[in-house]
Amino acid sequence: MKRALVSVSDKTGLVEFVKGLVDCGYEIVSTGGTKKTLEEAGLNPIGISDVTGFPEIMDGRVKTLHPKVHGALLCVRDNPEHVKQLQELGIEYIDLVCVNLYPFKETVQKKGVTHEEIIENIDIGGPSMLRSASKNYKSITVVCDPKDYDKVLKEIQENGDTCPVTREFLAAKVFRHTARYDAMIADYLTKKTGEEFPESLTITFDKVQDLRYGENPHQKAAFYKGMNPQYSLANATQLHGKELSYNNIQDGNAAIEILKDFEGQCAAVGLKHMNPCGVGIGENIEAAWDKAYEADPVSIFGGIVALNDTVEKGLAEKLSKIFLEIIIAPDFTPEALEILTRKKNIRLMKLDTTLSVNTSLKYTNVNDGLLVQEMDMHQIKEEDLRCVTNRKPTPEEIKQLLFGWKVVKHVKSNAIVLVKDDMTIGVGAGQMNRVGSAKIAIEEAGEKAKGSVMASDAFFPMPDTVEEAIKAGVTAIIQPGGSIRDQDSIDVCNEHGIAMVYTGIRHFKH
């Protein structure tokens, strides 16, 4: 008779699976709560203590860490010496292991959880059994995911055992499972000790979905989420439309990142190719959208819209008149949904974009490497500004300068943003020189540039950008300062009565 060792925290599908094994002639060995669940279902598993001849001790901390368990799992069955030792010690083979682990992740995320409770949910025996059995996958079937129960049971029912390819597939899955588990524990303890950049870094992500393709149709791609996906498209509810694409997710993420800087204000973001084409704030979300749209009604075509308040009927009617890829908002009224869902392909994503979230680290992959840095969460207040020109900005100019500073932070460097009346009117992004970005922003703004303010993500290495701003009618400028030629730009501003303030901090975004 074959023997299966079953010990699970997640009991989804457990009884049906074990009943199927029993029907196929398996003897079941079980532990603790799993044994109780099976007994309540009318099954009669053997207790682990009956196999080891040793009681569970220390509140169940030690129960499966025993030679009669791990000897049965690690015995190489075509090695005569191994088999002989097993027989001499009275150890019976274990042919199938069904184990999943204490809910460490769920415990960490519980409100009010104590450190002691978290530590008690670090599984020791489970990973040990999984690893031992997976090392010996040529002889043992290892199941750590209830989603695999049906596949395993079907093969056993049809063939008397799982096939070698399936056992290898399941073993690989186990090692991913235990690696993920250890990574979560390491992450928790590392953060608790305050270590920001440890000597080695292991991070874990769970697949959300396969994507149709990556940036281009010839590239394969998938979407994964991390341990804390609250402020993430991975946690959004899709209410309508086609599946998100790779580029949709990139753009959507960039859009909600901008919204994070407008907490407490009604803000709307229009975005294309990772850069905002229009950002507006207003007394309500519809007014904010009107400004974001007016900022660049051409570029928003086929773009992404992110909002930080509920979409109601009036706003939905306006949004429905434009071709948009995605609308992200905390909610949609039934009337708004009825209007927007008339469009077959538009993606409507429900996500709480009002969350106050401080994602501490940003990961960027490079060839065979990973760059890790703190997220750029820096905020500037009026009292942080240092005026360096003879003319000081007016209160209204200061308001617009601070608005522009929030936006320019999210534009690809070299970045220049023109702002007027609580909206962007010109965005210059990603050029190889700063004056090039300024010319793009000014050209986009056109006549609106007169009376606007300018934000620059980094200092001016020469006065040419300021000169372009003055010609366009810009009245005030915000920039970090710090160039060895700062005085040249200050002199030009003073000559033309332009106000300029320094932040003392830059916002490069590559």
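Two strands count as paired if DSSP finds at least two bridges between them. Keep that cut-off in mind for the opening stop. The model on screen is predicted.

**Stop 1: the open sheet**

Select β2, residues 26–30, together with β3. The two strands run parallel and are joined by 2 bridges, which means they meet the cut-off of at least two. Pick Val29 and look across to β3: its bridge partner there is Ile46.

Now widen the selection to the whole sheet. It is open, with 5 strands in the order β3-β2-β1-β4-β5. The pairing is parallel. Which strands stand at the edges? They are β3 (46–47) and β5. Each has a single partner strand, so one side of each has no neighbour in the sheet.

**Stop 2: helix α8**

Colour them: Gly125, Gly126, Pro127, Met129, Leu130, Ser132, Ala133 and Ser134. Then show what they pack against. The partners include three strands, β1 (2–7), β4 (96–99) and β5 (141–143). Helices α4 (67–74) and α10 (164–193) are also packing partners of these buried residues.

**Stop 3: Leu189 on α10**

Stay with α10 and pick Leu189, which sits in this helix. Set aside its neighbours within four places in sequence, and Leu189 is in contact with His115 and Ile119. For a distance check, draw a line from Leu189 to Phe54. The C-alpha atoms are 32 Å apart, with a separation of 135 residues in sequence.

**Stop 4: the α1 and α2 pair**

Select α1, residues 14–23, and α2, residues 32–40. At what angle do these helices pack? The angle is about 75 degrees, and the axes are 10 Å apart. The two helices are therefore roughly perpendicular to each other. Show side chains at the contact: Leu14, Val15 and Val18 come from α1, and Thr34, Thr37 and Leu38 from α2. By class, the residues of this contact are 4 nonpolar, 2 polar and no charged.

**Stop 5: helix α12**

Jump to residues 285–295, helix α12. Its buried residues are Ile285, Ala288, Trp289, Ala292 and Ala295. Look down the axis. These residues cover an arc of only 120 degrees, so they lie on the same side of α12. Around them, the packing partners include strands β9, β10, β11 (303–307) and β18 (423–428). Helices α13 (313–320) and α16 (434–445) also pack against the buried residues of α12.

**Stop 6**

Pick Met274, in the loop between β9 (266–272) and β10 (275–282). Its phi is positive, about 75 degrees, although Met274 is not a glycine. At 21% relative accessibility, Met274 counts as partly exposed, because the buried class requires under 20%.

Next, select Asp368, in the loop between β14 (361–366) and β15 (369–374). Asp368 also has a positive phi, about 55 degrees, without being a glycine. Is Asp368 buried or exposed? With 86% relative accessibility, Asp368 counts as exposed.

Finish at Asn414, in the loop between α15 (395–408) and β17 (416–420). Select Ser413 with it. A cis peptide bond joins Ser413 and Asn414, with omega about -5 degrees.

Technical notes. Residues numbered from 1 in each chain as written. Predicted model: local features only at pLDDT ≥ 70, side-chain atom pairs only at ≥ 80, totals over all residues. Heavy atoms only, no water. Buried < 20%, exposed > 50% of the residue type's maximum accessible area, 1.4 Å probe, protein only. Helix = DSSP H or I, 4+ residues; strand = E, 2+ residues; numbered from the N terminus. Contact = heavy atoms within 4.5 Å. Axes fitted to C-alpha atoms, helices over the stretch in contact; angles between N-to-C directions. Parallel < 35°, antiparallel > 145°, perpendicular 65-115°, else oblique. Nonpolar A, V, L, I, M, F, W, Y, C, P; charged D, E, K, R; others polar. Arc of directions from axis to C-beta.
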